[in-house]
Amino acid sequence: AAAGGAGAAAALWSEVNRCGQNGDFARALKSVNKILQISKDDVTALQCKVVCLIQNGNFKEALGVINTHTKVLTSDIIAFEKAYCEYRLNRIENALKTIQSASQQTDKLKELYGQVLYRLERYDECLAAYRDLIRNSQDEYEEERKTNLSAVVAAQSTWEKVMPEDLGLREATYELCYNSACALIGQGKLNEAMKKLQKAEELCRLSLSEDSDVTEEDIEAELAIIHGQMAYIMQLQGRTEDALQLYNQIIKLKPTDVGLLAVIANNIITINKDQNVFDSKKKVKLTNAEGVEHKLSKKQLQAIEFNKALLAMYTNQADQCRKLSASLQSQSPEHLLPVLIQAAQLCREKQHAKAIVLLQDFADQHPASAAEIKLTMAQLKIAQGSVTKACMILRSIEELQHKPGMVSALVTMYSHEEDIDSAIEVFAQAIQWYQQFQARTNDGCCVFQPKSPVHLLLIREAANFKLKHGRKKEAISDLEELWKQNPKDVHTLAQLISAYSLVDPEKAKVLSKHLPSSDTLSLKVDVDALENSHGATYVRKKASKLTGDNQQKEQGQGEVKKKKKKKKGKLPKNYDPKVTPDPERWLPMRERSYYRGRKKGKKKDQVGKGTQGSTTAGSSELDASRTASSPPTSPRPGSAAAVSATSNVIPPRHQKPAGAPATKKKQQQKKKKGTKGGW
């Protein structure tokens, strides 16, 4: 019976070996289980079972087998398999402990150790581990190790803002090009990074197209992460429309990488901001996919949570916003953004006082972040109209008191409140700070030291401010200091003389001797060339129009001016110089004194008007007996020259040609054609 069992076991081991070589680990697992039924504590069989489960992706079950048989499967035997299962189950801290507790550090454990350190974001240790591996190993996995090494350098540049060192890696693969581009993005070299990504895209297409089994869809899926990084660069460069278009193209491909989808969705939300919130609410679902927390770094996850809180605020979900921001604050108590989001939400609810109290409490608890918080508090005070209180908050930020930007803001705000004394005091404090700084720098040395450009700028602005507001006495000391620093500054000297003229005229006279003479101020200018220039000629012509004729004659002596020829006006064809022009010829016909209305249809319009049986004022015109002896209404042909120059004469502009009445008569005869009788 024992011989039969040994023979069966040997056959099963042969089956396991054959299946392992063929990669059929499911069938190999069945044979291993049969072996364990024969010998349940067989170390080799248990070890083979763990490997088969790992190859089939059953990491949890494999870890269960290891933990169940701890007496047989000691850490020396199964350390790598146990650590790998914990790593794949995202139990990173446990995996690190398992690796560190192993008695012998094999190459496999060192490889896994580097991966674990990368996931824990301990980049310095990870970099050292991969360098040691590359230095002490030579096999077919060298290219993968170099790729991982470049990924560590890119992560340091991106998340820790460390200047990456040149590793001397030959960028022969698209993975190395991609990691190099990420490192350049961390340094802010966006244009160079874009070129690297374009090169990575070319290399990726080239390498994948060599495989006949790879389809175009597979290539686009592999390129998705490269295109996502390109879109990110476009977004940083302000090309938001191009970035948004590329982001949406990647989402349409439906990549399987949940980390990539989460990052793209988050970036789209940042582009939308407070606009298109419905699209943002759809995209935020992609950031909640299962397993996202294991694919992204801590800073990426934190940024996504911040944007979720802001989106809740923009969509008027106050409770959700408070809940998310409170959770973020508990995770990162020293971080600014959670408390700023809470304050913004309170301001949206018109609770400015509570927002200021919240910010003040945070500033008291975290002095390192007090400056940023107080700037926000000052902004809230300005929004409430409390400019003076805002100035008090700003002046309490000691590390910013001497900055030109802060001085400018305070002076502007005090000037708005017409508090000139406080504005001058702000200048004085800033100038005093630079004087003390210079004294500390000189270490008590009495040798004259030139002042810094910022210091001189503040002194000059203080002097100009005092002069502008009539404080000339107070401006004298500042002007003297400036003149002392630069005795050749004529502008400062002129200001100083002007200030002394009101306080000490004698002193002003003494200082005026330092002004340069008029001879030294004369400039070598070619007057003729200047006057003949296009701009000067234009100005002179324009000025001559404004000045009188006398000045024009004085300036233009000896110059021959070209007179423009006036064009002769066009006269009417029937113009008669003997006839006096009508003084009302420029008025419209209806506004002239001799206008009698339209003659056409006049008789027709008057017939039938008035009450029945009554006679109209123009009834005499309807009498046929009178029409025969009445003179014609228009002159006969050829009689235009015999018309006397009376007040009813038609002006030359409106005289009709001599043949015009005949034409009209012919038209009337045409109308009477076919009637009985005639004239």
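The following conversation asks how labels given to a predicted model follow from computed values.

User: What makes a local feature or a side-chain atom pair count here, and how are residues numbered?

Analyst: The model is predicted, with local features needing pLDDT of at least 70 and side-chain atom pairs counting only at pLDDT 80 or more, while totals for chains, interfaces and linings use all residues. Residues are numbered from 1 along each chain as its sequence is written, and side-chain values use heavy atoms, with hydrogens and water left out.

User: What does the secondary structure of the protein chain come to?

Analyst: The protein chain has 34 helices and zero strands, where helices (H or I, at least four residues) and strands (E, at least two) are DSSP runs numbered from the N terminus.

User: What makes Phe59 and Tyr84 an aromatic pair, and is the pair stacked or edge-to-face?

Analyst: Rings of Phe, Tyr and Trp (its six-membered ring) pair if their centres lie within 6.5 Å, and planes under 30 degrees apart count as stacked, over 60 as edge-to-face and the rest as tilted. A search of the whole structure finds five aromatic pairs. In the pair of Phe59 and Tyr84 the ring centres are 6.1 Å apart and the planes stand at 65°, so this pair is edge-to-face. The pair links distant parts of the chain, with Phe59 in helix H4 (residues 59–68) and Tyr84 in helix H5 (residues 75–88), 25 residues apart. Ring pairs also join Phe59, Phe80 and Tyr84 into a cluster.

User: How do you know which residues Arg122 touches?

Analyst: Contact means heavy atoms within 4.5 Å, and Arg122 touches Leu96 and Leu117, not counting residues up to four places away in sequence. Arg122 is found in the loop between helix H7 (107–119) and helix H8 (123–136), and its relative accessible area of 30% makes Arg122 partly exposed.

User: What makes the largest nonpolar core a core, and which elements give residues to it?

Analyst: A nonpolar core is a set of buried Ala, Val, Leu, Ile, Met, Phe, Trp, Tyr and Cys residues joined through side-chain atoms within 4.5 Å. The largest has 41 residues, and those with the most contacts inside it are Leu359, Ile373, Leu394, Val407, Val411 and Phe465. Among the elements that give two or more residues to this core are helix H18 (336–348), helix H20 (370–383) and helix H23 (420–442), and H23 gives the most, with eight residues. Apart from this core lies another, of 34 residues, among them Ala193, Ile233, Met234 and Ile264. Leu394 touches Leu375, Ala378, Met406, Leu410 and Met413, not counting residues up to four places away in sequence.

User: Why does Ser332 count as buried, and what polar contact does its side chain make?

Analyst: Ser332 has 11% relative accessibility and therefore counts as buried. A polar contact is a pair of N or O atoms within 3.5 Å; within protein, one must be able to donate a hydrogen and the other to accept it, and residues adjacent in sequence count only if both atoms are side-chain atoms. The side chain of Ser332 makes such a contact with the side chain of Gln302, at 2.9 Å.

User: How does the span of helix H26 compare with the expected span?

Analyst: The expected span of a helix is 1.5 Å times one less than its number of residues. Helix H26 (residues 490–503) has 14 residues and reaches 20 Å from its first C-alpha to its last, close to the 20 Å expected. Its buried residues include Thr492, Leu493 and Tyr500, and what covers the buried residues of H26 includes H24, helix H25 (472–485) and helix H27 (505–512).

How values were computed. Buried < 20%, exposed > 50% of the residue type's maximum accessible area, 1.4 Å probe, protein only.
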